[in-house]
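Open the model in your viewer and keep the selection panel at hand. The stops below go from ring to ring.

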Protein chains: 2
Amino acid sequence: MFSSNTVNSSAPPNPSKSIQDERSQNQFEPTLMHEFLEGSRENSQQILRLYHQMERDPILCSSYKDYELNRLEERTKSALRINSLSRYIEEDSPSDFHRRLNLLAVYDPSTGIRLSINLGLFVNCIKGNGTAEQYKYWCVDKETTKIKNAYGCFGMTELGHGSNVAGCETTATFDEENDQFIIDTPHIGATKWWIGGALHVATHCVVYARLIVKGKDYGVTTFVVPLRDSNHDVMPGITIGDIGGKMGREGVDNAWIQFSNVRIPRFFMLQRFCKVSSSGKVELPPLQQLVYISLLGGRVMMAVDSYRISARFITIAVRYAVGRRQFKKNGGDGNGDGLECKLLDYPLHQRRLMPYLALTYAMAVGTKKLENDHAACLKEFDYAVNSNDKVALKKALETTKSLFVDSASLKSTCTWLAGECITECRQACGGHGYSAYSGFGKTYGDWTIQCTYEGDNSVLGMSAGKAIIANTAQVIKKNKKITGSISFLSNAKNYINDELVLKSEDDLQDLSLVFKALEVLICRLANQSIDVLESSGDNNWDLVSYQRVVLSKLRCHHYLLQNFMSRIDSADESTKPMLKDVAKTYAYTSILENFSAELLSLNVTSPKFINRLKSSVIPTYLKKLRNQAITLTDSFQQPDMVLNSAIGNYNGDIYEDYFKVVKQANPPTQTKAPYSAAIESMLNRPSKEERERFEKSAETAKILSK
Amino acid sequence: MFSSNTVNSSAPPNPSKSIQDERSQNQFEPTLMHEFLEGSRENSQQILRLYHQMERDPILCSSYKDYELNRLEERTKSALRINSLSRYIEEDSPSDFHRRLNLLAVYDPSTGIRLSINLGLFVNCIKGNGTAEQYKYWCVDKETTKIKNAYGCFGMTELGHGSNVAGCETTATFDEENDQFIIDTPHIGATKWWIGGALHVATHCVVYARLIVKGKDYGVTTFVVPLRDSNHDVMPGITIGDIGGKMGREGVDNAWIQFSNVRIPRFFMLQRFCKVSSSGKVELPPLQQLVYISLLGGRVMMAVDSYRISARFITIAVRYAVGRRQFKKNGGDGNGDGLECKLLDYPLHQRRLMPYLALTYAMAVGTKKLENDHAACLKEFDYAVNSNDKVALKKALETTKSLFVDSASLKSTCTWLAGECITECRQACGGHGYSAYSGFGKTYGDWTIQCTYEGDNSVLGMSAGKAIIANTAQVIKKNKKITGSISFLSNAKNYINDELVLKSEDDLQDLSLVFKALEVLICRLANQSIDVLESSGDNNWDLVSYQRVVLSKLRCHHYLLQNFMSRIDSADESTKPMLKDVAKTYAYTSILENFSAELLSLNVTSPKFINRLKSSVIPTYLKKLRNQAITLTDSFQQPDMVLNSAIGNYNGDIYEDYFKVVKQANPPTQTKAPYSAAIESMLNRPSKEERERFEKSAETAKILSK
């Protein structure tokens, strides 16, 4: 029994012991597993080193107080953290700083995005759409990339335009006489909206606006517009206001901006691909999507965030589920110790949590791959542009296009799943999941906007799904061979039949067969969509929008499963058996079970198979994971500072920790509310008759009826 | 074009016109539809009359400021509203007040529950578990039912015990010598936790505690324990503290309570069913569940709340989806007006929202039935107890048991679905759904605890599902005939085979056949669970816990569909065609589509059928609803005050309204933040070398290396 500072008249619960006991039965080393999850020992050590530093930094480290700040306090805290990060960025290697910001975002998503708008969206927009000179001028020489002098924001969305950026109505009219552009907000609908960082921090904005030259509208392109002078005062003609309250991310100073005939020099237009000469000659980009290339990095990071945020909350929920006991005595774990059963020993609780645990592993591996793909793509692209090699450029554009699809599919699917994971984990912690100090509530509010911004999930899903259908059609109708990451679509013709792929329970043991079933499902679903499109006559892609989103989700799982399977081969031997069970659990639950309606309706498998899967195979694997659940979550190596949850600390001392936090945040010394008068006067009010001055009484009636 | 107070250089969007245009094409009267939804013209008029009064009441009416209050402000506001309600309760009929509180909870869930804890949980606990004298003493004579003198809270959950109330560890030890009970919190785990109203308002608490007489533990029963004296000071031996921050419901003053040897007279034990004589003779209740009978009313109301909260947010999302335009010009509605397409004209958007619209109609009808069943049950029960009629009591206990199952199934399924509805509606409003002023964020945080408290949804779902499996087993194994609302289980033997129920698309037109398919599915799934149980050997119900929750959901839909179908027969003729389409849409999406994996794996229908359903039938019905979506949501008749959403007002003037609210709440006059110094000093900081006093420079190196 642990010691206690209070007088007890009988034995208190001891959740800490339950967790420590399970930890002592680990079948692998969590540190080795962490290396697998992060891709290498080097990556793992980098992360631990950064945690080590951030835990001790009084500004950067988290606190339970973070859960009770009002908007101004949260913005202030975030500003102080950015200030502190501006010093780290001068010391860190680019890789260290990138990872530092990524780790910070797990417990402070507001600061994460507030700074990423500058270093990610703004800088990448200039890098992607600007000339080398423009990049050097605004980002390097001005030291914007060191969070110094200039600070950028990203003026894309408008009050009336979100997903359809091409429909933006802010105008940039070329004034040939003065060699200037006039930036203007023509009406309320074109007001720039949600512009993070613009309210209090940004000095510059990349503005997405319609290029109007000699009365002709060339569509949306990008301009650098200074917002504030070096005195940090707002420039004339620019109106900036506070967006106000949000569901979360209150630390971000989102603003609305209206431009009233603001003039900028012609060379403030970002002109890597798109140019306007002084005489008004217009050159347009080779691929319209390039205008949005700066969004790619954000989408990739949101997929990575999905892994880390899921890791955080599944760790909390698993620790709680091992420490918390409920109902049956001597049940489940069969200890015969007279204690109630651990939550995690209940099959239903395993079914609620273990699939998310397995999914988190799959996301770790898959999103790491996406991060690497993205880095390689940028490199390829830069090389091609700088060397002015047309062949290389064409190839780089293909890679970029492919990355648009992959990142769209992973960003949308993973952010949705992470949101569901937080919700399920919270509900699995019962009432205590609702406490601010468990961390779920605020983080869910902060998290969920990831499903909407920088590419609405439904819109991204539709775009990824469209690419799959279009490629499948190429194979089926034109015998084309597909290259790249979705090359399996080349098999579509062999797959679109009625043959069962998964026949018996034994087939489940071979994950490559499950993987094939997934590929067959994708091909058949795409083919079904092609039929719908063809029978509609007018090739209306909206008719298969729902199927497109489903295909995008399947494609994400295809990506995750493929990389998970291939990475296990090179894992440390001691971790392999567990990893194989995790990968199977992921494939059985997140893919086969969740898409069993599609698998059955397209005859990829049989009812008998699905019934066996659900009633027998899945429960067996959930139990395997449950037995190592503490070590599997310890392997994420997120310190208490990152978890920042009173019910999820490493020591497992749930009740003592939680009660201490509650008492510290709310000292129980004042028992009357400041508004107690309203309560007391209500409870002790005189009778209704008296308060009505007895005007409705029988006595009064007698007087008045005389 | 509407007039505008600002200077525009081109035409602004006009969402209001889009909405008004659709309204003018209504195929039925929303007022008549409202009468259907609320069960009668009388109910409808009662609600409109109450809205009329509440809208004008400066304390009771909502405000956008409600979205930006801190904890103390929200608690204060809630206290003022309770104070105001304490005057209405003296005037209102019981039915009016009940409905008033129910309507208020749609936009102020905190006040709703804060008062319901007193009037619902506390009073009902005394009524249900106390003698007639105890009820008269504490509730009537003290005027507690008029929110006067005494105010009760509900001391059930503990830090270490939530769902398993029977495991509570607070003790009530009988002291024969003094004819008293000693209430005590033996250790931290037994601290009463989450007790709403206890922190600042309550004068009394019904405490769930273990009855200990002569050293013997008789299990958990209920006691009335005074918390505060008439001076509103906390009694000695009682410690009350603030639970602190929560994900929502910040208006509720939840507390933790510790009792340290607090003495109460023996007759403070609620002794309708359970008695202890002065000599320590113990009498226990006929049905242990009766101890929790006070929870029934709350569960019923949470099912009703699910309807109203879904109605609120589907109204907002539909109005936004008609006013908002995106992408394709001249698309969807084929107006050829050069405008972008309305969101709701996209098939995917219809697929996201229309199923929830149809579900909300089904919930309206079904939960109204549950409300009536509950009222009838209470009446039956009271009669039986008061008349001391043993036969009537036995029958009443059967009805109560049945209501425990029905309410468990509906509370859990409907609160989950309402949570999903809020989330989907929010995401369907894109970025603006994330604004505090659209109402989604705060309400989601307030709402989601309904899935956990007063019966955790998973636990309730398992209990409802267990009843279905147990009854099915009675039919199959013992040829028993089932009575009551799940009498269809009596057909189980005829249903558990491999026969298809839904064969062709035509079968869909007959809703009674869809209804039969649902009954067959329930029987087959229950039978499958029986097989699992039998093959496990030890009758371990936990092995089918997942199936039990699925069965509970199916049973909820069975209840909703049955009542929806039967109510349409008596609907106004003008609303019938629409109602039939709504009922079909509900059955096709929420039941057939959502449970298609189960339907296929148990051979209730065929892959071909499901494929037709998804790709052709459902899109057709979604479009039917989409065409009347504005009128279908207008029919909920929730005024702007209840919606309290800047993007969902009746007039449809989304952008003007929203911008006005944002500007009023955050006047754009101050452009520098109070914390601007941190930002400015960061941006304008001297070089790193200078700040390091040039200590690392080459010059210094030269000096130091000498």
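Select A:Tyr137, A:Trp138, A:Phe267 and A:Phe268: ring pairs link them into a cluster. Rings of Phe, Tyr and Trp (its six-membered ring) pair if their centres lie within 6.5 Å; planes under 30 degrees apart are stacked, over 60 edge-to-face, the rest tilted. Over all chains, the count is 31 aromatic pairs.

This is a predicted model, where local features need pLDDT of at least 70, side-chain atom pairs count only at pLDDT 80 or more, and totals for chains, interfaces and linings use all residues. Side-chain values use heavy atoms, without hydrogens and water; residues are numbered from 1 along each chain as its sequence is written, and chains are lettered from A in the order in which they are written.

Next, pick A:Tyr444 and B:Tyr444. Their rings are stacked, 5.3 Å centre to centre with 25 degrees between the planes. The pair crosses between chains, helix H11 (residues 440-447) of chain A to helix H11 (residues 440-447) of chain B; helices are DSSP runs (H or I, at least four residues), numbered from the N terminus. A:Tyr444 is buried at 6% relative accessibility, where buried means under 20% relative accessible area (1.4 Å probe, protein chains only).

Move to B:Phe273 and B:Phe381. Their centres are 6.4 Å apart and their planes at 70 degrees, so the pair is edge-to-face. Both residues are buried.

Finish with charges over rings (NZ of Lys or CZ of Arg within 6 Å of the ring centre and within 35 degrees of the ring normal). A:Arg567 has its charged end over the ring of A:Phe36, 4.4 Å from the centre. B:Lys663 lies over the face of B:Phe659, at 4.4 Å from the ring centre.

Technical notes
Helices (H or I, at least four residues) and strands (E, at least two) are DSSP runs, numbered from the N terminus. Buried means under 20% relative accessible area, exposed over 50%, partly exposed in between (1.4 Å probe, protein chains only).
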